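Let's take a walk through this structure together, one residue neighbourhood at a time. Keep the 3D view open as you read.

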Amino acid sequence: QPSTSNARKREIETNLLAFKSQPEAWHLCLRVATASDITENQFLWFFSTSTLEHTITRRWTQLTSTDKTLLRETLWNSYAQLGATPNVAKRHRDTLAQLIALLGKREFPEQDPNYMQHCMELTKTRFQLGINLLKITSEEVVSNRGDLTTEWKQYFYSCISMCVPDVLDLVTKYLLIAVCHINGKDIQTTIPNTLMDFSLTSALPNDNQLSSSILDLLGCVQHLVSWIRTELISEYFLMSILDLSQWRPAHEPISLAALSVLNELLYLQKPLPFAGPLMGGVTSLLEQHNNNRRQSEMYSDKFRELLRLYTTKYAGKLMQEPDLLETFLNLLYSCTTELHGALDFTEKLEIWTPIIKGIAQQPAKITRYNNVLTQLVDEIMRRTQFEANKPELEVLDNELMEDDTSATEWQQFLDQCFESLALLANTRGAHIVFAQVYNHWSRPQMYLLSLEHALDHGSARSYEAARKLKGANVGEILRDFATVCQAVVRLAPLMDSSSAAPGIADEMECQLQMLSDSLLQTLQLLASNRLYSGGSEMDKATFQTDLDNLYAQVLLAMRSIFPLTKAMSSEELLHRLFAILGSIFACNGSLSAASPIVQQAASELLLFISTVIRP
């Protein structure tokens, strides 16, 4: 009662624990736990079942064979009768099943050789009770509970494993029934007589509860596949799970549960049978996903995880099936281009990683996939640019994150994108990917050059007019420019012309020469201290932050390409560069020059030049 004092509660608890430790307490608790009406005192019922669990797990060796038989038969009879009781609480059902499974773990196969047979027969007559007991028994097979010796646990595991083929045969038949139900097909005319015992359907509840039974079935299957030998899985079993995994708005929980089974299978560190049907099935799921863009967020997340596990496990096999791989990559690209946020995009890039690495190991086959890989590079760059992807980028937090990293959420997104670019560059050729990335350089640079032209040939008024004429957000253009600089910095180490073929080496040198000219031109504009922002103080602060970031990224880009091109070592370029660095260190009235990130980038560049290039 709510009015019971704490002292009285402690007294009651002490008395109950004393009662629980009495050797014969379980007799009374067994009567309470198996009573037909438990609604009168829920606390007493849970205390009684807890006492029974204590008796089974801690006092088992002290029970006589008669006591053990009484426990087993009473619990089984009570559990089997639950099927006739309407609206049985799941907690009640699961608790009794847990007690029966604990008994089975101690008695099968010596004292209770028919335990597994009884579980399967119960499934055939009262499906939900039987399938629930099979699941909980499966959980006990791999349980680390310290109430039995390791030797006995291994023996129990081996004995249950011998029954798994029969269990799988039974659940596969129910999976086939579930597929027919979900697809609105008649079982009698769809499933051959050789595969189905049609009497099994009599154990299933009526239509309005059938979906719940399918969820129980999939929950049992998911746990079973986590430990059984995968070679026991049949093609019908696998294809049924693939069918149930399709997105069906009216049966979303079933779709999610089936996807969980597939993910469980792909998590396993052992080979799966029927690779061909599985690969074809995943490709069909991906095609369906692309054709129906209205899946729930939970389904999309689970399906994305399926694709990641699938490419990790099957990249090698996909490389052996070029037609299937080409189809899959085209579908995966369509899936990747969906706009579901920055996190979704980077997680989809992870799906590509094993396949790109696999293609890199077979350069002779890369031509077949060049088109989709080229599109992927363009998509990655497009998703990092405010010009093309402002809605996704503007919701990323640009404040430092609370963990140990010094990167913002936005920066982490960019870093993940650039790692994918580097992987593609290693696969397709650094000069090819570099050229695609450099294509995004022209827009922001031309905008800045137009501003410089306005400054050189007119007053501040003409400068403002030039800005308005462009009709663009200057801060976003500066951010896009800084992003392209970061991409260049990530790809620069891969542009080593000394180890490239002669024709490719010349192309790389030409690309780097063009980049160095553009970098110096941009750096001179930034150092001129002629860019400024009108508007409010907040606008000015944001603009200055973007400008400082671009300034620093240009300096870092110059540092990254310095050892790669002869153009950077010319006397003329060095003189111009040192003059700019000197103005930064002198902080000649420029807000950017005084910025810590600009000062640090300039220091790193100067240190690199002095210690590596010109010692």
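## A walk through the model

Thr 483 is found in helix H23. Keep in mind that this is a predicted model. Is Thr 483 buried or exposed? At 1% relative accessibility, Thr 483 counts as buried. In sequence, Thr 483 and Thr 384 are 99 residues apart, yet their C-alpha atoms are 7.2 Å apart in space. Leaving aside residues up to four places away in sequence, Thr 483 touches Thr 384, Gln 385, Trp 410, Leu 414 and Phe 418.

Helix H23 spans residues 474-491, and Asp 480 lies in it too. Asp 480 forms a salt bridge with Arg 443, with 2.6 Å between the closest N and O atoms. This pair links distant parts of the chain, since Arg 443 belongs to helix H21 (residues 442-456) and the partners are 37 residues apart.

Now turn to helix H19, which covers residues 409-428 and has 20 residues. From first C-alpha to last, H19 reaches 29 Å, close to the 28 Å expected at 1.5 Å a residue. How many of its residues are buried? The count is 14 of 20, so H19 is mostly covered. After H19 comes Gly 429, with a positive phi near 120 degrees.

The largest nonpolar core has 193 residues, and the members that touch the most other members are Leu 71, Leu 218, Leu 421 and Leu 555. Helix H8 (residues 150-182) gives the most to this core, with 17 residues. For a closer look at one of those leucines, select Leu 421: not counting residues up to four places away in sequence, Leu 421 touches Val 377, Ile 380, Met 381, Val 433, Val 437, Ala 487 and Leu 491.

### Salt bridges

There are 30 salt bridges in the structure.

| Asp 94 | Lys 90 | 2.6 Å |

Because Asp 344 lies in helix H16 (residues 342-360) and Arg 304 in helix H14 (residues 297-319), the pair ties together parts that are 40 residues apart in sequence. Both Asp 344 and Arg 304 are buried.

Asp 94 is buried, with a relative accessible area of 19%, just as the cut-off of under 20% requires. Lys 90, on the other hand, is exposed at 52%.

Salt bridges can also be followed as a network: Glu 53, Lys 105, Arg 106, Glu 140, Arg 145 and Asp 147 are linked in this way.

### Backbone features and a buried asparagine

Most peptide bonds are trans, and most residues other than glycine have a negative phi. With that in mind, look at the bond joining Phe 108 and Pro 109, which is cis with omega about 5 degrees. Pro 109 is found in the loop between H5 and helix H6 (115-125).

Phe 274 is not a glycine, but its phi is positive, about 55 degrees. Where does Phe 274 lie? Its place is the loop between helix H12 (252-267) and helix H13 (275-291). At 34% relative accessibility, Phe 274 counts as partly exposed.

Helix H12 also holds Asn 263, which is buried with a relative accessible area of 7%. Residues up to four places away in sequence aside, Asn 263 touches Lys 302, Glu 305, Leu 306 and Leu 309.

Phe 578, Phe 585 and Leu 606 make a nonpolar surface patch of about 230 Å². Leu 606 lies in helix H27 (residues 596-613) and counts as partly exposed, at 31% relative accessibility.

How values were computed. Residues are numbered from 1 along each chain as its sequence is written. This is a predicted model: local features need pLDDT of at least 70, side-chain atom pairs count only at pLDDT 80 or more; totals for chains, interfaces and linings use all residues. Side-chain values use heavy atoms; hydrogens and water are left out. Patches are made of residues with over 30% relative accessible area and no salt bridge: like charges are joined within 9 Å, nonpolar side chains (Val, Leu, Ile, Met, Phe, Trp, Tyr) within 5 Å. Accessible areas come from the Shrake-Rupley method with a 1.4 Å probe; for residues, only the protein chains shown count as cover. A salt bridge is a side-chain nitrogen of Lys or Arg within 4 Å of a carboxyl oxygen of Asp or Glu. Helices (H or I, at least four residues) and strands (E, at least two) are DSSP runs, numbered from the N terminus. Buried means under 20% relative accessible area, exposed over 50%, partly exposed in between (1.4 Å probe, protein chains only). A nonpolar core is a set of buried Ala, Val, Leu, Ile, Met, Phe, Trp, Tyr and Cys residues joined through side-chain atoms within 4.5 Å. Contact means heavy atoms within 4.5 Å. The expected span of a helix is 1.5 Å times one less than its number of residues.
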